[in-house]
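Please read them alongside the coordinates.

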Amino acid sequence: MLVHICCSVDSHHFLEKLREDFPDEKLTGFFYDPNIHPYSEYKLRLLDVEYSCDRLGIELLEGPYDLEGWLGLVKGLENEPEKGDRCTVCFDNRLEVSIKKAKELGCKSFTTSLLISPKKSQDKLEIIGDKLSKEYGVDFIFKDYRSGNGMELQSKAVKENLLYRQNYCGCLFGLTAQRIQQQKLLDEMISPISNQIMPESIEERIALYKKRNILYKEDKNFKIIKQKFLNYRLLSGSVSSEKKVIPSYFLPYSSLKNKKTAGQIEYEIDNIYYLNRDETKLLTLKYFNTLANTQYENIFELIKNPPLFNDELEVRNKIAQSPYDLSCIVVLETIPDKKIEISLNSELFDDVREVIVELNK
Ligand code: SF4
């Protein structure tokens, strides 16, 4: 039987149940989900499904990540609500590619872990599965593992196996609507040009779940716990003087109440230059190199290849001498002695991240 897999949260318990109900059947997982955006999130969910299938001893195949094909199919349906027509097209596509794969592999039957997802219509999936089954001559296995205490067991499997629990269905369109409704930053679609790994970003989660895989292989005793913290994203920032933009680098947690300030250097203490407005501080790249123990030759090098986020935080702490400081701190190659204008668009927000803690045996 070929089992289309949408994510480990849905597939882990689903596969366990299928194995109970079809003990003589060889199950093969098929991860075909070009609806998952961005690509980094796709890789993260795949990583988790690989880990889950490894734990279950089930072979896993990966389908093509045909993003453009998928976008073409849902064109015109971008603004449909979740569970609407875009989702029907999305199921059609994923099930049709899966049944074709099942046929190619000579499987007699196929099914999908979408059937256990509480947010998906089982009726819709059954209609699509049965229609495809008639067309391709491969049985569609409909199973309702949701009812009764199904959801409770699914949740237990996720907890026990330390699986990655995503907080959106998958596509850019559903995610955008969800974040607007939650009045939350669409952070999943933001990647710094430097590729720096930001706190509670998809990239940080990939690193965390890779570490989980290593600890699992080493048979270590560990837990994944949640931490509430103040998160930060720099959206844009620039500095100019005498109507010329100057290369600049904003340290994390820099913020400006009105997104703009302008003033002159009022005084300098220990290589930190204080603007006479909005608690803004400036330092030279040379002094930044001293504080960060780096050797950048110009600001562009720093922008393209910055230190680790936490190392930058240490620099901020050395300058501000407070873990709660949110003032705007900017690195420049040289400090202008004329009027300085600063624009800064940044977001500070409450967030929750996962961290791994190792336990004593
Ligand atoms: S919301 Fe989910 S099911 Fe609907 S189109 Fe997007 S990814 Fe597919």
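1. The largest cavity holds about 100 Å³ of space. One cavity of 30 Å³ or more is counted. A cavity here is a set of points on a 1 Å grid over the protein atoms alone, where a 1.4 Å probe fits but cannot get out. Grid points are joined across faces, edges and corners, and the volume is the space filled by probe spheres set on the points.

2. This is a predicted model, in which local features need pLDDT of at least 70, side-chain atom pairs count only at pLDDT 80 or more, and totals for chains, interfaces and linings use all residues. Residues are numbered from 1 along each chain as its sequence is written, and side-chain values use heavy atoms, with hydrogens and water left out.

3. The lining of the largest cavity has 13 residues, where lining means an atom within 4 Å of a point. Arg86, Cys87, Cys90, Cys169 and Cys171 lie nearest the centre. Helix 4 (residues 85–105) contributes the most, with five residues. Helices are DSSP runs (H or I, at least four residues) and strands likewise (E, at least two), numbered from the N terminus. The lining splits into six nonpolar, three polar and four charged residues. In this scheme Ala, Val, Leu, Ile, Met, Phe, Trp, Tyr, Cys and Pro are nonpolar, Asp, Glu, Lys and Arg are charged, and the others, Gly among them, are polar.

4. How do helix 9 and helix 11 pack? Helix 9 (residues 285–292) meets helix 11 (residues 309–320) at about 105°, with axes 9 Å apart. Helix 9 is therefore roughly perpendicular to helix 11, a label covering 65 to 115 degrees. Axes are lines fitted to C-alpha atoms over the stretch in contact, and angles run from 0 to 180 degrees between N-to-C directions.

5. Phe288, Leu291 and Ala292 of helix 9 touch Val315, Lys318 and Ile319 of helix 11, contact being heavy atoms within 4.5 Å. Five of these residues are nonpolar, none polar and one charged.

6. The chain divides into domain 1 (2–179) and domain 2 (230–352). Their C-alpha centres lie 45 Å apart. The bounds come from an automatic or database domain assignment.

7. Two backbone spots deserve a look. His37 and Pro38 are joined by a cis peptide bond, omega about -10°. Pro38 sits in the loop between strand 2 (28–31) and helix 2 (39–56). Glu200 is not a glycine, yet has a positive phi of about 55°. Glu200 lies in the loop between helix 7 (172–182) and helix 8 (202–217).

Key
Angles under 35 degrees count as roughly parallel, over 145 as roughly antiparallel, 65 to 115 as roughly perpendicular and the rest as oblique. On a 1 Å grid over the protein atoms alone, a cavity is a set of points where a 1.4 Å probe fits but cannot get out, and a pocket is an open set with protein on both sides within 12 Å along at least five of seven lines; lining residues have an atom within 4 Å of a point.
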